[in-house]
Amino acid sequence: MKAIAYYQSLPADHAEALVDIDLPAPQPGPRDLLVEVRAISVNPVDTKIRQRVTPEAGQPKVLGWDVAGVVVEVGAEVRQFRPGDQVFYAGAIDRAGANSELHVVDERIVGRMPGSLDFARAAALPLTAVTAWELLFERLGVREGKGDDGQALLVTGAAGGVGSVLVQLARQLTGLTVIGTASRDETRDWVQQLGAHHVIDHSQPLVPQLKALGIEQVDLVASLTHTDQHLDQLVEALAPQGRLALIDDPAQLDVVKLKRKSLSLHWEFMYTRSLFQTADMIEQHRLLNRVSQLIDDGVLKTTLGEHFGTINATNLRRAHALLESGKARGKIVLEGF
């Protein structure tokens, strides 16, 4: 089967940063699906692993953790799917990635693809949808419905992949006032279209901008990028006993700054359930099915930002370079081999 991989960590613009190769087709385990990959999207985790993880000598490493495709074979213990089903999922970080024609994945972290979307638009969603859902409803403890009326959520980096889903979830499924941050006209417009009540500029001090909106403090913060750079502003913006959740990898984080206000800190990593085979691992299957239904009901919309064409090494290198520039809006998708 065709696949895209790397053999050594190189800059995204290097001709061998990602290369086209052929690999044997994988075989599904008892709880696995064998999926024909129709479309993929690219995430910061792909670029981070390519930059930081050196493959074993002479062995290719395949990246890619966002898939929309068709089930072609199921393991002996699979109960949720059958061949022919259209699915979408983000996979497991401790298994081979999905930048390949065929891919194996545990059924417990797979959802039924929205019937109203094509493969490209569906591939934009899984990783960011799982991350945003878990961050909002599990880490920050927000309740669905309007029970949180009067509370405010600040989302930094709201135009990125996770932010693009999180803003929609918070606006559509809760009573929170949603404030997103974006620093360019096109990303500001994007965040407003997704439903944010307000958009402020994260390249400027955040607290004065919030106060100009009449928002003295926020109850919740979803920090999606550059948490270490924004920490002082986030602590100042948060109300006493507020909650701060993050997904990025700060070089350092002085948590003592949270003590005076009794602020709680929450980390979201969507691969935790699959890495540790947690007892509630199937929750990701359930929440993806819920997202799929919300898409089909018109409550949520795809976050596809740009379509980069066919799935090949050249186009994936371009996608990695754009993500590393910090200027991506929504998700970058590739489709077909």
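T227 is buried, with a relative accessible area of 0%; here buried stands for under 20% relative accessible area, exposed for over 50%, and partly exposed for anything in between, using a 1.4 Å probe and protein chains only. This is a predicted model, so to speak a computed picture: local features need pLDDT of at least 70, side-chain atom pairs count only at pLDDT 80 or more, and totals for chains, interfaces and linings use all residues. Residues are numbered from 1 along each chain as its sequence is written, and side-chain values use heavy atoms, with hydrogens and water left out.

T227 sits in helix α7, where helices (H or I, at least four residues) and strands (E, at least two) are DSSP runs numbered from the N terminus. Leaving aside residues up to four places away in sequence, T227 touches L246, D248, P250 and L253, a contact being heavy atoms within 4.5 Å. One of these partners, L246, also stands opposite W267 in β14.

Helix α7 (residues 227–237) belongs with β12 and β13 to a right-handed β-α-β unit. Right-handed means that, with the strands pointing away from the viewer, the path from the first strand over the helix to the second runs clockwise. Strands β12 (residues 218–223) and β13 (residues 238–246) run parallel and are joined by five bridges; two strands count as paired if DSSP finds at least two bridges between them. Within that pairing, A222 has A245 of β13 as its bridge partner. On to the next strand: β13 is also parallel to β14 (residues 264–267), with four bridges joining them.

Most residues other than glycine have a negative phi. H226, in the loop between β12 and α7, has a positive phi near 50 degrees and is partly exposed, with a relative accessible area of 40%. Q241 lies in strand β13, and its phi is also positive, at about 70 degrees, although Q241 is not a glycine. Q241 is exposed, with a relative accessible area of 66%.

Four bridges tie β1 (residues 2–6) to the antiparallel β2, and the bridge partner of I4 in β2 is D20.

Then there are the spaces. On a 1 Å grid over the protein atoms alone, a cavity is a set of points where a 1.4 Å probe fits but cannot get out, a pocket is an open set with protein on both sides within 12 Å along at least five of seven lines, and lining residues have an atom within 4 Å of a point. The second largest pocket holds about 170 Å³ of space. It is lined by 13 residues, and M1, L23, P26, A96 and G97 are the closest to its centre. Strand β7 (residues 102–106) gives the most to this lining, with three residues.

The structure holds one cavity of 30 Å³ or more, and the largest cavity contains about 40 Å³ of space. Its lining is made up of L125, A129, V165, Q168, V291, I295, L300 and K301, with α4 (161–173) and α9 (283–296) each supplying at least two residues.

Notes:
Points joined across faces, edges and corners; volume = space filled by probe spheres on them.
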